[in-house]
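Keep the structure in view as you read.

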Amino acid sequence: INPGEGGYSDARADALGPALAPDMLSYREVTLHLGATNLKLGRELGPEYHVLKPTYRSGLAFEAGTKATVYLRGTLLKSDGSPLALLAGQVTALDDPDFKPALIFTNRAGRFQAEGLSPGRYEIQVYDESLRPTRLEVPQDAAGLYELSPLRLGPR
């Protein structure tokens, strides 16, 4: 909690238990900054800042992290097999209504990456009205880096 130049200045979660910040004053708004140094690829910490306002003799608890376990990488191609170069788009979850779409950008070779995903079904749409979206599935046992086979987006 509240990382500084020389390490964590307020608290640290470790094998002994969760991080605790006992020095908050009652009725005063305090902002906690969360940081993580050893997250596995595909995992997400969630919101980095939390604004809290403890009351007299109160305790506040929240859980850091999300259910994300997958870091997705792939290539987008046109129907003729050429790369979809330098385009923006989004990955949308079909199974999870709470999932916020992940923005993607392709490089000159059509390669993209997206983080914050979990196993399930997704749709990729590039911001080009002439191209149809395509669907993909991340398997239930996927964790960390998940490399997709090249995906072709055909015309609408």
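Q: Is D95 buried, partly exposed or exposed?
A: This is a predicted model. D95 has a relative accessible area of 44%. Buried means under 20% and exposed means over 50%. D95 lies between those limits, so the class is partly exposed.

Q: Which residue meets D95 in a salt bridge?
A: The two side chains come to 3.0 Å, N to O. A salt bridge needs a Lys or Arg nitrogen within 4 Å of an Asp or Glu oxygen. The partner of D95 is R121.

Q: How many residues apart in sequence are the parts that R121 and D95 tie together?
A: The side chains of R121 and D95 meet in a salt bridge. R121 is in strand β9, while D95 is in the loop between β6 and β7. R121 itself is partly exposed, at 35% relative accessible area. The pair therefore ties together parts whose separation in sequence is 26 residues.

Q: Which residue forms a salt bridge with K67?
A: K67 is exposed, because its relative accessible area is 58%. Its closest N and O atoms in the salt bridge are 3.1 Å apart. The partner is D96. This pair links distant parts of the chain: K67 is in the loop between β4 and β5, and 29 residues away, in the loop between β6 and β7, is D96.

Q: Which residues are linked with R73 in a network of salt bridges?
A: R111 is in strand β8 and E147 in strand β11, 36 residues apart. Both count as partly exposed, R111 at 28% and E147 at 37%. The network links R73 with R111 and E147.

Q: Which residues form the uncovered face of strand β10?
A: In a regular strand, side chains alternate between the two faces of the sheet. In β10, the covered face has T134, L136 and V138. The uncovered face has R135 and E137.

Q: Which residue in β10 is the bridge partner of E123?
A: Strands β9 and β10 pair in the antiparallel sense, over 5 bridges. β9 covers residues 120-126, and β10 covers residues 134-138. The partner of E123 is R135.

Q: Is T69 buried or exposed?
A: T69 sits in the loop between β4 and β5. Its contacts beyond four places in sequence include L41, R43, L117 and A142. Its relative accessible area is 16%, and the limit is under 20%, so T69 is buried.

Q: What is the phi of Y27, about?
A: Most residues other than glycine have a negative phi. Y27 is not a glycine, yet its phi is positive. Y27 is in the loop between β2 and β3. Its phi is about 65°.

Q: What value is the phi of R57 near?
A: R57 lies in the loop between β4 and β5. R57 is exposed, because its relative accessible area is 74%. Its phi is positive, in a residue other than glycine, and near 55°.

Q: Which residues make the nonpolar surface patch of about 370 Å²?
A: One member is in strand β7: L103. L103 counts as exposed, because its relative accessibility is 56%. The patch is made by L103, F105 and Y127.

Notes
Residues are numbered from 1 along each chain as its sequence is written. This is a predicted model: local features need pLDDT of at least 70, side-chain atom pairs count only at pLDDT 80 or more; totals for chains, interfaces and linings use all residues. Side-chain values use heavy atoms; hydrogens and water are left out. Patches are made of residues with over 30% relative accessible area and no salt bridge: like charges are joined within 9 Å, nonpolar side chains (Val, Leu, Ile, Met, Phe, Trp, Tyr) within 5 Å. Accessible areas come from the Shrake-Rupley method with a 1.4 Å probe; for residues, only the protein chains shown count as cover. Helices (H or I, at least four residues) and strands (E, at least two) are DSSP runs, numbered from the N terminus. Buried means under 20% relative accessible area, exposed over 50%, partly exposed in between (1.4 Å probe, protein chains only). Contact means heavy atoms within 4.5 Å. Two strands pair if DSSP finds at least two bridges between them.
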